[in-house]
Amino acid sequence: MAGADLVHGYAQAMLTVAEAEGALDAVEKELFAFSAAVEQNTALREALTDAALPVANKEAVIDELLGERSHPVTRNIARFIVGSGRAKELGAIVRELATVATERRRHVLAEVRTAVPLTQERRTRIAAALSAATGREVEVRDVVDPSVIGGVIAHVGDEVFDGSVSSRLDDAKQQLGS
């Protein structure tokens with residue numbers, strides 16, 4: 001399997017397993033949060049992708065992070081992906097899983113990055129605003145990303161809605177420089 005086909009194949013398999021267990025919503029959200037943590041933590045990412053480390057050590061790291069607070073299917077899928085040597089593709093696989101799951105619900109997925117965790121009220125307002133902007137029902141998956149500093153950056157398909165403080169400052173600099 002080549003790149004995108006491999007990612008899509010893994011995502012489809014994970015979706016099938018999670019649906020069969022009746023845990024798709026929980027697994028999707030937990031895997032999304034786990035992959036975001038791996039993406040943002042260099043030491044964790046290196047530990048899970050280091051070919052020299054035994055798979056048992058990587059699985060122990062996953063078990064430590066996800067523990068009993070996650071669904072058993074989430075842990076098993078994370079362990080499977082890492083154990084198969086696909087830890088580098090974890091984020092892409094999880095994003096594809098989320099995309100396929102939201103498409104099945106006839107929605108579109110929005111990855112929303114903020115400096116601080118979103119409240120349910122703010123998540124709902126952002127989803128409504130993005131739904132209005134895209135003309136589709138939007139499901140928000142939020143990622144805490146300290147590099148955002150403030151505001152929101154949302155990816156909906158190929159579209160990027162950048163309401164971050166950095167973006168606003170750049171816009172102000174350009175207007176003042178004109």
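A crossing of two helices is left-handed if the near helix is turned anticlockwise from the far one by less than a right angle, and right-handed if clockwise. Keep that in mind for the views below. The model is predicted, so local features need pLDDT of at least 70 and side-chain atom pairs count only at pLDDT 80 or more, while totals for chains, interfaces and linings use all residues. Residues are numbered from 1 along each chain as its sequence is written, and side-chain values use heavy atoms, leaving out hydrogens and water.

View 1. H2 and H6 (residues 90–104) pack at about 150°, with axes 9 Å apart; axes are lines fitted to C-alpha atoms over the stretch in contact, and angles run from 0 to 180 degrees between N-to-C directions. That makes H2 roughly antiparallel to H6 (under 35 degrees is roughly parallel, over 145 roughly antiparallel, 65 to 115 roughly perpendicular, the rest oblique). The crossing of H2 and H6 is left-handed. Contact (heavy atoms within 4.5 Å) involves, among others, Leu31 and Phe34 of H2 and Val94 and Leu97 of H6. The buried residues of H2 include Leu31, Phe34 and Val38; buried means under 20% relative accessible area, exposed over 50%, and partly exposed in between (1.4 Å probe, protein chains only).

View 2. The axes of H1 and H5 come within 11 Å and cross at roughly 155°, so H1 is roughly antiparallel to H5. This crossing is right-handed. Tyr10 and Met14 of H1 and Ile77 and Phe80 of H5 are among the residues in contact. The structure holds one aromatic pair: the rings of Tyr10 and Phe80 have centres 6.0 Å apart and planes at 40°, so the pair is tilted. Rings of Phe, Tyr and Trp (its six-membered ring) pair if their centres lie within 6.5 Å, with planes under 30 degrees apart stacked, over 60 edge-to-face and the rest tilted. Tyr10 is buried at 15% relative accessibility, whereas Phe80 is partly exposed at 44%.

**View 3. Val152 in strand S3.** Val152 lies in S3 (residues 151–156) and is buried at 15% relative accessibility. Residues touched by Val152 include Val112, Ile126 and Phe161.

Technical notes. Helices (H or I, at least four residues) and strands (E, at least two) are DSSP runs, numbered from the N terminus. Lists of a residue's contacts leave out its neighbours within four places in sequence.
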